[in-house]
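Here is a briefing on selected features of one structure. It is grouped by topic for quick reading.

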Amino acid sequence: MCFYINLVLVFNMCSWSLSQQAEHECKRHPAGGDTPPDTSTRSSTRLILNDEKSKNNNNISPTDGGSTTTATTTPTSAEPPSNEPWDKYRLPKTLMPVVYTVELWPRLTPDPKTGLYIFTGDSTVEFECVEETDLILIHSLKLNYTNLSNGLWATLTSVSPDAQVPSVKTTWLQNVTQYLVVQLDSKLTKGHKYTLATKFTGELADDLGGFYRSEYEEDGKTKVVATTQMQPAHARKAFPCFDEPAMKAIFHITVFHDPGTIALSNSEEQESNSVDIEGHKVMKTVFKPTEKMSTYLLAFIVSDFTFINDTIDGVLIRVFARTPAIKAGQGDYALSITGPILKFFEKYYNSTYPLPKSDQIALPDFNAGAMENWGLITYRETALLYDEAFSSSSNKERIATIIAHELAHMWFGNLVTLRWWNDLWLNEGFASYVEYLGAHEAEPDWNVKDLIVLGDVHRVFAVDALASSHPLTSLEEDVQTPAQISELFDAISYSKGASVLRMLSDFLTEEVFKKGLQTYLNKFAFGNTVYTDLWDHLQEAVNAAGTKLPHTVHEIMNTWVLQMGFPVLTINTTTGEVSQKHFLLDPDSQVTAESPFNYKWIVPIQWVKTGTSQEIQWLEEKSATIETMKASGAEWVLANYNLVGYYRVNYDQGNWDRLLNTLGINHTLIQVINRAQLVDDAFNLARAQIIPTALALQTTKYLDKERDYMPWQSTINNLDFFYLMFDRTEVYGLMQNYVKKQVTPLFTYYKEMTSDWTTVPNKLMDQYNQVNAISQACKSGHTECQTLVKKWFNDWITTNINRIHPNLRSTVYCSAIAAGGVAEWEFAWSKFKEATIAIEADKLRSALACTKEPWLLNRYLEYTLNSTLIRKQDATSTIVLIANNVVGQSLAWDFIRARWSYIFTEYGGGSFSFANLINGVTKRFSTQFELQQLKQFKIDNADVGFGSGTMALDQSIERTVANIKWVEQNKENVLDWFINEAKQ
Ligand code: BES
Ligand code: ZN
């Protein structure tokens with residue numbers, strides 16, 4: 001199952017909780033590393049940061065002239081120390097940038113003296129004075145400034161004719177708030193324009209943020225790429241800038257680079273010439289001025305990559321990657337779908353693509369999955385490169401959806417940008433919804449739109465059902481520090497955002513939704529908005545279309561975005577009574593957060609009764625009677641048709657019985673998404689003690705007849721929790737037998753469909769479910785399955801030719817390594833090291849965590865902190881994969897505990913995701929002893945801190961308490977249920 005994470009989005013983090021891995025299970029955010037800097041809490045409590053402990057106050061004081069000064073920086077703390085403007089995280093509203101001219105020269109070889117990779121820069125920014133001030137605050141992080149003609153770090157000139165130019169009095173770095181402070185001797189004049197100039201040096205570190213370096217091997221040589229990741233607040237690490245999304249400006253970028261390398265940026269190349277600087281022959285590539293845009297969308301890259309290209313209606317589309325990857329055709333798929341997806345969004349938004357070109361580039365080191373830089377989208381290799389010989393259909397699906405996601409941002413996010421990060425959920429939630437529409441356009445046979453149910457709705461239900469969840473919206477003033485901004489990239493913003501927008505589009509109708517969207521984009525092009533601007537435009541579209549709604553778009557949506565959580569509806573088909581209640585996974589958990597609506601929602605109920613077509617009914621109160629929902633005889637009622645609503649549903653026992661009966665007799669009478677939903681609702685209602693666990697287990701009985709992917713996947717995800725709780729108890733064996741019994745017909749079905757595993761099923765969903773059939777059969781001890789995969793893997797070892805189909809590789813590798821010993825592990829490790837395609841390396845990296853040998857797992861854990869063995873981007877997910885293995889669980893926990901201070905210090909500001917890590921290594925916890933350990937861990941490391949893992953740690957404690965209770969209350973019942981099943 002995809003790794004469900006509570007907070008801090010698990011980019012690329014997909015893991016499998018048991019040793020058998022199902023490759024296709026991971027759609028959103030597979031493997032890896034993870035999130036932006038990682039040293040925060042959501043609340044305004046003061047943080048203890050590693051750097052703060054070692055250096056007390058290292059703000060660099062006002063400059064006193066002299067030569068280049070080195071300024072080290074302190075990371076953010078939540079509360080600035082004073083009320084001075086430079087101690088506030090938000091820029092004052094005094095100045096507005098207009099145009100920047102930035103020249104950068106990254107060095108792709110280390111400085112012989114220091115051994116460091118660096119870049120040098122020269123930048124000017126023209127800005128307008130909006131309010132009189134004698135202070136210029138401009139963001140700057142980890143940049144060392146050169147003294148200019150005035151002996152200071154910045155000079156000021158006037159653009160407006162006749163304007164008096166104040167002199168720069170002092171310059172200094174304010175490290176906590178990440179400013180270069182320029183104090184003037186007199187005030188700037190309102191309405192006048194000025195230019196600020198600086199020269200600086202920065203480190204081109206391998207830290208995956210700002211202007212950074214990525215390394216890879218080619219032909220036995222190490223090669224270096226200089227690349228960028230600016231979102232959310234790293235542009236300031238590349239050059240001094242007003243680094244807030246509403247500070248849009250035009251950028252003139254120039255990049256110096258070695259002959260034989262190419263430079264790319266957001267806009268087209270204007271010219272590229274060979275020049276001589278400081279005795280070096282270098283290329284000077286000047287880019288055309290960009291459109292008016294935000295700093296977080298900038299990108300510049302130097303590499304010796306090659307590309308393929310195409311043109312669609314005058315727009316140049318290029319895909320860049322390492323030369324061997326391009327030569328092998330690995331960019332072809334991405335190139336082939338980009339044009340159609342761009343065209344789709346042009347129609348959907350009724351707006352032509354705003355730029356003359358669209359570049360996409362695959363990078364060997366990349367923290368997230370992809371980044372929507374305007375005109376130059378960056379990806380990790382696994383998210384862009386496709387090779388039929390290595391990539392599974394799930395890898396392909398991810399490429400299509402991620403491209404669609406980033407292309408969707410080219411308008412929604414880039415052309416029109418939310419004013420501040422507190423509204424990030426709308427940006428990411430929107431792209432996460434329409435990515436399915438874009439991918440559907442490219443691959444209409446896939447039924448990919450259905451997959452939002454598993455990939456987002458189910459994923460976020462798990463998080464949003466906790467008492468410690470949070471609403472989609474936050475107040476602008478509550479999001480200040482870069483760390484607080486980073487925390488917003490979580491499952492709530494992405495998946496709940498996507499889910500509620502899908503619900504909105506459904507009840508408005510897609511036509512009305514699109515209309516509102518189109519006028520919104522048109523009105524605010526090149527500008528900034530707040531999320532309610534979209535509601536306004538949707539409301540106008542509703543009014544124009546005459547759509548009937550019980551309330552305004554604002555009023556309805558407020559109930560979904562201003563309060564956390566979601567309701568469970570209870571439908572009594574005897575009385576027609578429908579009621580709603582805040583759904584909490586742990587009914588004893590205390591909800592301390594107040595809600596403006598007292599946890600009541602305005603719920604669109606899409607429902608059907610046996611043999612009737614669906615209709616919509618609104619529930620506005622805590623309860624209501626809907627006469628038509630009364631059912632008689634064999635009739636059943638089913639609500640939340642296709643799971644378009646963001647809520648769960650419970651029924652009276654009679655209706656449950658009739659639904660279960662229908663599943664047993666002719667399950668296709670119930671639509672496939674709802675079959676998946678009945679299972680998911682039942683399991684979660686049982687976890688929340690609303691229905692008996694036996695009823696939940698009962699929903700899995702019909703699976704011996706089920707052939708569709710979604711209900712199977714939903715079941716596997718839910719049984720996963722049972723495995724986590726019971727795989728160290730006597731329940732395990734019985735459960736294995738039950739799963740084996742249920743999955744055997746599926747295994748046989750696919751064996752026949754594929755003529756004894758020699759062909760590939762036609763439909764995508766069948767390809768996915770074939771993987772489920774194998775992974776579940778092998779895991780539950782189906783001997784034929786186990787023999788089969790062992791043989792496939794051994795054939796590879798003995799012949800050195802890999803004949804395993806890419807769709808099956810993840811699960812086959814994992815099963816074989818789990819069943820094997822050191823020889824299998826070493827073989828896979830050597831293949832991992834040799835792999836020239838990241839998608840194959842990733843499959844092996846996951847499978848290596850499946851071994852049952854503790855010493856191999858321990859050694860593998862050690863490898864994760866050595867970036868020459870495991871890339872930094874993959875460190876967290878590898879540890880979590882090991883923890884998912886029942887044997888690796890305690891090893892990973894010990895590993896993390898023993899090294900917490902080291903890990904926190906070394907990775908605190910970089911690629912490590914502490915939330916993922918803590919959630920990942922503790923999710924099996926379900927005993928008092930483990931709870932004690934967890935609490936002790938919190939006490940022992942209080943002085944070191946937990947960064948973005950702070951909330952995850954508290955949630956893990958909350959989850960462990962709930963798990964202990966659940967196991968206590970359910971173990972006997974579950975055991976009995978399986979014993980009974982075994983008798984049948
Ligand atoms: N804007 C994000 C990437 C990002 C996230 C940058 C957090 C910096 C901090 C991008 O649009 C995105 O959402 N990428 C996703 C892929 C998507 C298909 C969900 C990712 O990286 O996983
Ligand atoms: Zn996004």
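Lys701 is partly exposed, with 27% relative accessible area (buried is under 20%, exposed over 50%, partly exposed in between; 1.4 Å probe, protein chains only). Lys701 forms a salt bridge with Glu981, with the closest N and O atoms 2.8 Å apart (a salt bridge is a side-chain nitrogen of Lys or Arg within 4 Å of a carboxyl oxygen of Asp or Glu). Glu981 counts as buried, at 6% relative accessibility.

This is a predicted model, in which local features need pLDDT of at least 70 and side-chain atom pairs count only at pLDDT 80 or more, while totals for chains, interfaces and linings use all residues; side-chain values use heavy atoms, leaving out hydrogens and water. Residues are numbered from 1 along each chain as its sequence is written, and chains are lettered from A and ligands numbered from 1 in the order in which they are written.

**Salt bridges**

- The whole structure holds 45 salt bridges.
- Lys701 sits in the loop between helix 14 (693-698) and helix 15 (709-726), and Glu981 in helix 27 (residues 950-983), so their pair ties together parts 280 residues apart in sequence. Helices (H or I, at least four residues) and strands (E, at least two) are DSSP runs, numbered from the N terminus.
- Glu826 and Arg859 meet through their side chains in another salt bridge, at 2.7 Å from N to O. Glu826 belongs to helix 20 (residues 822-834) and Arg859 to helix 22 (residues 854-863), so this pair ties together parts 33 residues apart in sequence.
- Glu826 is partly exposed at 30% relative accessibility. Arg859 is partly exposed at 23%.
- Asp874 forms a salt bridge with Arg845, and the closest N and O atoms are 3.5 Å apart. Asp874 lies in the loop between helix 22 and helix 23 and Arg845 in helix 21 (residues 838-847), so the pair ties together parts 29 residues apart in sequence.
- Both Asp874 and Arg845 are buried.
- Arg90, Glu244, Arg419 and Glu476 are joined into one network by salt bridges that share partners.

**Helix packing**

- Helix 23 (residues 875-884) and helix 25 (residues 914-922) have axes that come within 8 Å and cross at roughly 10 degrees. Axes are lines fitted to C-alpha atoms, for helices over the stretch in contact, and angles run from 0 to 180 degrees between N-to-C directions.
- That angle makes helix 23 roughly parallel to helix 25 (under 35 degrees is roughly parallel, over 145 roughly antiparallel, 65 to 115 roughly perpendicular and the rest oblique).
- Helix 23 makes the contact with Thr876, Ile879, Val880, Ala883 and Asn884, and helix 25 with Asn916, Leu917, Gly920 and Val921. Contact means heavy atoms within 4.5 Å.
- The residues of this contact divide into five nonpolar, four polar and no charged. Ala, Val, Leu, Ile, Met, Phe, Trp, Tyr, Cys and Pro count as nonpolar, Asp, Glu, Lys and Arg as charged, and the others, Gly among them, as polar.

**An enclosed helix**

- Helix 11 (residues 553-561) has seven of its nine residues buried, so it is largely enclosed by the rest of the structure.
- Its buried residues are Val553, Ile556, Met557, Asn558, Thr559, Trp560 and Val561.
- Their cover includes helix 5 (424-442), helix 8 (491-508), helix 10 (531-545), strand 23 (567-572), strand 25 (603-609) and strand 26 (615-619).

- Three strands form an open sheet in the order 3-7-6, with antiparallel pairing. Two strands pair if DSSP finds at least two bridges between them.
- Strand 3 (133-139) and strand 6 (168-174) are the edge strands, each pairing on one side only.
- From one strand to the next, the twist averages 20 degrees.
- Strand 3 and strand 7 (residues 179-188) run antiparallel and are joined by six bridges.
- In strand 7, Val182 stands opposite Ile136, and Leu188 is the bridge partner of Thr133.
- Six of the seven residues of strand 3 are buried, so strand 3 is largely enclosed by the rest of the structure.

**Backbone details**

- Gln231 and Pro232 are joined by a cis peptide bond, with omega about -5 degrees. Pro232 lies in the loop between strand 10 (221-229) and strand 11 (250-257).
- Gln689 is not a glycine, yet has a positive phi of about 60 degrees. Gln689 lies in the loop between helix 13 (672-687) and helix 14, and is partly exposed at 41% relative accessibility.
- Asp756, also a residue other than glycine, has a positive phi near 60 degrees. Asp756 lies in the loop between helix 16 (731-753) and helix 17 (764-779), and is partly exposed with a relative accessible area of 48%.
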